[in-house]
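This note sets out some points on the model for a colleague who will work with its coordinates. Please read the points alongside the structure shown below.

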Amino acid sequence: MSSSLQLGLFPAEQEADPMADLVPDEVDIYILNLSGGKDGPRAAALALDAARAAGVEDRVYTIHASLGPLEWPAVTVDGVRYPGSSELAALHSRALGVPPERHIEVRRTRELEGERVPYDLLTYIAERGDWPWKGVLPCRSDWKTGLIYGAFTPMVRSRRKQLGRPVVCANVLGIRADESPDRKKRPALRTTTDNTARVVHEWSPAHRVTTQEVKDWTDEQGLPHQWCYDSQPGAGDWKGSSRCSCSLCVLASQRDLLLAVQRRPRLAQLYALVERVRGVPFNPNTSMAELIERASRPGAPDPGVVIEDEGPEFDALESAVEAALKKPAKRARYVRPGTPADALPGSCDGCTAESPTAADQEV
């Protein structure tokens with residue numbers, strides 16, 4: 001694999017160019033988000049191309065916000081090992097030509113009995129008593145955005161002292177219009193923070209790139225893609241999951257969820273336990289129990305591989321979730337928008353979407 005990919009900017013004459021309003025050499029820090037999925041590398045490559053053309057490649061960093069055992073793990077099939085999301089993000093960074101010392105991985109932790117331990121999203125869900133949903137997405141704010149910007153805060157403080165002005169950051173995301181109607185409406189470039197410490201421009205340079213174009217570019221570059229996208233690891237056919245985020249994402253399509261339930265049955269059962277104890281369905285459209293039952297019927301998609309999910313990391317997650325479920329939920333159950341009133345047991349406290357966290361406001 002070449003260490004310098006063929007990046008290629010969008011033609012400048014096209015209308016609504018996602019890169020037209022950003023001046024590359026006026027950006028002090030480029031933050032390229034890599035999840036291990038297919039879209040991050042395409043967006044990162046376009047941003048890198050702009051930085052290199054402006055002679056500021058040394059301002060580029062890549063970062064991966066790890067979700068631990070909830071993201072797709074590595075698998076070994078017929079003696080061949082296929083990397084998990086965290087490892088793949090690092091591989092993508094190196095393939096793009098970013099030095100290893102400028103790739104950062106962050107993961108949320110908390111103090112427990114005098115030591116810092118991983119704090120996984122499913123444990124939080126079990127403690128809280130409800131699942132993420134539209135408008136209430138701690139999986140994006142507290143487990144990704146807040147951590148990512150927190151990782152760059154020391155650098156921002158140092159550079160602000162050097163520059164004598166707010167530090168300009170480009171937060172580069174792999175968001176594309178093809179992904180959903182909401183993302184189609186979302187601007188490719190917008191300013192999300194403007195204060196005395198930093199100015200953050202959220203930039204999606206691949207916003208207009210189609211899904212097929214992303215796949216074609218990835219294959220042409222010889223860039224490894226997450227095995228979950230294939231019908232089975234190593235197939236290279238893009239006939240598996242359509243998205244690569246949490247293995248069991250509340251916003252995933254039904255087919256993706258049925259695949260994931262079969263590919264990670266132990267994780268699915270842990271989700272089902274949380275659902276059963278807290279009395280709240282996995283999402284307003286389906287329950288995890290229903291997904292597990294449907295995945296066993298004839299006609300369900302072939303998983304291609306089944307992961308045992310054995311090891312200390314998953315065992316620790318399972319223990320933490322089970323411990324959380326022995327205590328009362330920290331937040332009363334409520335009905336999400338679009339959920340039939342009789343779909344949930346118990347009463348509803350009528351709460352609305354949560355306010356941004358301190359970490360979100362810091363960004």
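Which strands and helices each supply at least two residues of the lining of the second largest pocket? The first point takes this up, after two remarks on conventions. The model is predicted, so that local features require pLDDT of at least 70 and side-chain atom pairs pLDDT 80 or more, while totals for chains, interfaces and linings use all residues. Numbering starts from 1 along each chain as its sequence is written, and side-chain values rest on heavy atoms, with hydrogens and water left out.

1. The second largest pocket. Strand S6 (109–112), strand S7 (115–118), helix H3 (121–128) and helix H10 (312–325) each supply at least two lining residues. Helices (H or I, at least four residues) and strands (E, at least two) are DSSP runs numbered from the N terminus. On a 1 Å grid over the protein atoms alone, a pocket is an open set of points where a 1.4 Å probe fits, with protein on both sides within 12 Å along at least five of seven lines, and lining residues have an atom within 4 Å of a point. The volume is about 420 Å³, taken as the space filled by probe spheres set on grid points that are joined across faces, edges and corners.

2. Composition of the lining. The second largest pocket is lined by 20 residues, and Arg110, Leu112, Thr123, Glu127 and Ala320 lie nearest its centre. H10 gives the most, with eight residues. The lining divides into eleven nonpolar, two polar and seven charged residues; here Ala, Val, Leu, Ile, Met, Phe, Trp, Tyr, Cys and Pro count as nonpolar, Asp, Glu, Lys and Arg as charged, and the others, Gly among them, as polar.

3. A residue of H10. Aspartate 315 is located in helix H10 and is partly exposed, with a relative accessible area of 35%. The classes are buried (under 20% relative accessible area), exposed (over 50%) and partly exposed in between, with a 1.4 Å probe and protein chains only. The C-alpha atom of aspartate 315 is separated by 9.8 Å from that of proline 69, although the two residues are 246 apart along the chain.

4. Backbone torsions to inspect. Most residues other than glycine have a negative phi. Glutamate 113, in the loop between S6 and S7, has a positive phi near 55 degrees and is exposed at 81% relative accessible area. Aspartate 309, in the loop between helix H9 (288–295) and H10, also has a positive phi, of about 55 degrees, but is buried at 7% relative accessibility.

5. The six-stranded sheet. An open sheet with mixed pairing has the strand order S5-S2-S1-S8-S10-S9. Strand S5 (103–106) and strand S9 (189–194) stand at the edges with a single partner strand each, so one side of each lacks a neighbour in the sheet. The twist averages 25 degrees from one strand to the next. Helix H1 (residues 39–53) packs on the sheet, touching strand S1 (29–33), strand S2 (60–65), strand S8 (167–172) and S10, and its direction makes about 160 degrees with that of S1. Contact means heavy atoms within 4.5 Å. Axes are lines fitted to C-alpha atoms, for helices over the stretch in contact, and angles run from 0 to 180 degrees between N-to-C directions.

6. Strand S1. Five of the five residues of S1 are buried, so this strand is largely enclosed by the rest of the structure. Ile29, Ile31 and Asn33 point one way, and Tyr30 and Leu32 the other. S1 runs parallel to S8, with four bridges, and parallel to S2, also with four; strands pair if DSSP finds at least two bridges between them. Isoleucine 31 has bridge partners in both: asparagine 171 in S8 and tyrosine 61 in S2.

7. Aspartate 194 has valine 199 as its bridge partner, and leucine 189 stands opposite tryptophan 203.

8. Packing of H8 on H9. Helix H8 (residues 265–278) and H9 pack at an angle of about 145 degrees, with axes 8 Å apart. Ala268, Gln269, Tyr271, Ala272 and Glu275 in H8 meet Met288, Ala289 and Ile292 in H9. These contact residues comprise six nonpolar, one polar and one charged.
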